[in-house]
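Thanks, everyone, for making time this morning. I would like to walk you slowly through one chain, beginning with the whole and then moving to a few of its parts.

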Amino acid sequence: MSLLNSLVTFEAKRIFKRALRFNEECGVLPDASTARKRLIYIHVPFCESLCPYCSFHRVPFNRELCRLYFSALRKEISLYRERGYLFHGVYVGGGTPTIMVEELAETLSVVRRFFPIREVSVETNPNHLNDRHIKILKEAGVDRLSVGVQSFNDKLLREMGRFDNYGSGAEIAHRVGSVVGSFPTINADMMFNFPSQTTEMLNNDLNVLLSLGLDQITYYPLMVSDSTKEQVERAWGRVRYDKEESFYKRITGILLDRYTFSTAWCFTKGSSMVDEYIVDYDEYAGVGSGSIGYLEGVCYANNFNIPLYISIVEENRLPIFARRVFGIRDRVRYDFLMRLFSTSVPIGFFVEKYGSFPWFNLLWELVAFALAGCIRFKNGAIVLTERGRYIWVVLMREFFTAVNNFRDFCRRQR
């Protein structure tokens, strides 16, 4: 790993750890004050099996608890409407959101009834790519279906514990290929930089992806939180970052022949919703146990105890477990990180949002990244260079790792 990458990783760990020191308090959100572009993120934590590398809030599937949970979700969504919030997009993540697909469809129907929704994105797993699920999701108006593939390599799938649950790489490829064209956007969620992954494995995954003709491919680097480190090392060995940049360059070198950047790790044909809704939306509500939201300058996390989450919502209260009010500098730096992840951001975005360009709050970042050759100014926008795109992958990897560590902390407190 280069000196620049090491310095960025070290500094990012320090900054994000400090930024995610929340106050442990039940709190309320302010009523909506503006008509900002907002999204509602819905978290479904239930899974049929738990992957060793995943740090998201997830629990083993329990049918009755899951049914009660979906009912509470719909109640919580109504509480946001009562507070005057307006949402134009929906993103459903997990866990496995399609684990009770009829309940999910009913929940999406409620969201559409309450808000002027323009786009709906839902995550799923390969075993749910069947006629029944696809029919229900299409009738529910899903625009983007994101399939958790991770890899088509059988050795890696076995090490992840996914082979027995979802089949071989060839079977998964067949299932994913069979739904191309069923929705406006079919996305494959992939991962790279597993300790046991070779360049040949990566090349084979890329060849399979190109053969499927997908609308979108998201390629995340492996992110290891404190809680998953031991399990990941048991499955693959020690996580190293000396191959990460070369893997990333290989991915971009192959995919950019047919795709364009939506973010530094998302590749798209045309335009469509992306996993990183934090790029497209200034603010988002986090709904569901363990979800994280960012509204009116308040970053908050919902309660991670599912029965307690349900009981709080049934009392007509928002189930906020911890929160932090961001000052102006934190807000500006957050916007800078997230917006530039899309590879460019107009200077006018900051002028429109803050009244003028916030030079004072961003001066250090602009100078440092410009001197490092990561950004340049072009046609009234800040643009990531080729070097900068990978640096932003490093930054976002550390950001999401810090969020995962924060989730670990919340789970211990519940």
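Predicted model: local features only at pLDDT ≥ 70, side-chain atom pairs only at ≥ 80, totals over all residues.

Let me begin with contacts, meaning heavy atoms within 4.5 Å: among those in the chain with a separation of 6 or more, 74% are accounted for by residues 24 or more positions apart. Residues are numbered from 1 along each chain as its sequence is written, and side-chain values use heavy atoms, with hydrogens and water left out.

The chain holds 16 helices and 18 strands, where helices (H or I, at least four residues) and strands (E, at least two) are DSSP runs numbered from the N terminus. Of its 414 residues, 60% count as buried, that is, under 20% relative accessible area with a 1.4 Å probe and protein chains only, against over 50% for exposed and in between for partly exposed.

E12 is joined by five bridges to strand E2, residues 38–44, and the two run parallel; strands count as paired if DSSP finds at least two bridges between them. In this pairing, Arg38 stands opposite Glu283.

Turning to another sheet, we find three strands in an open arrangement, in the order E16-E18-E17, with antiparallel pairing. Strands E16 (344–346) and E17 (375–378) stand at the edges with a single partner strand each, so one side of each is left without a neighbour in the sheet. E17 is joined to E18, residues 381–384, by four bridges, and Phe377 stands opposite Ile382 in E18.

Finally, which residues of helix H10 are buried? In this helix, which covers residues 244–255, they are Glu244, Phe247, Tyr248, Ile251, Thr252 and Leu255. These residues cover an arc of only 130 degrees around the axis, taken from the directions from the helix axis to the C-beta atoms, which puts them on the same side of H10.

Key. Expected span 1.5 Å × (residues − 1).
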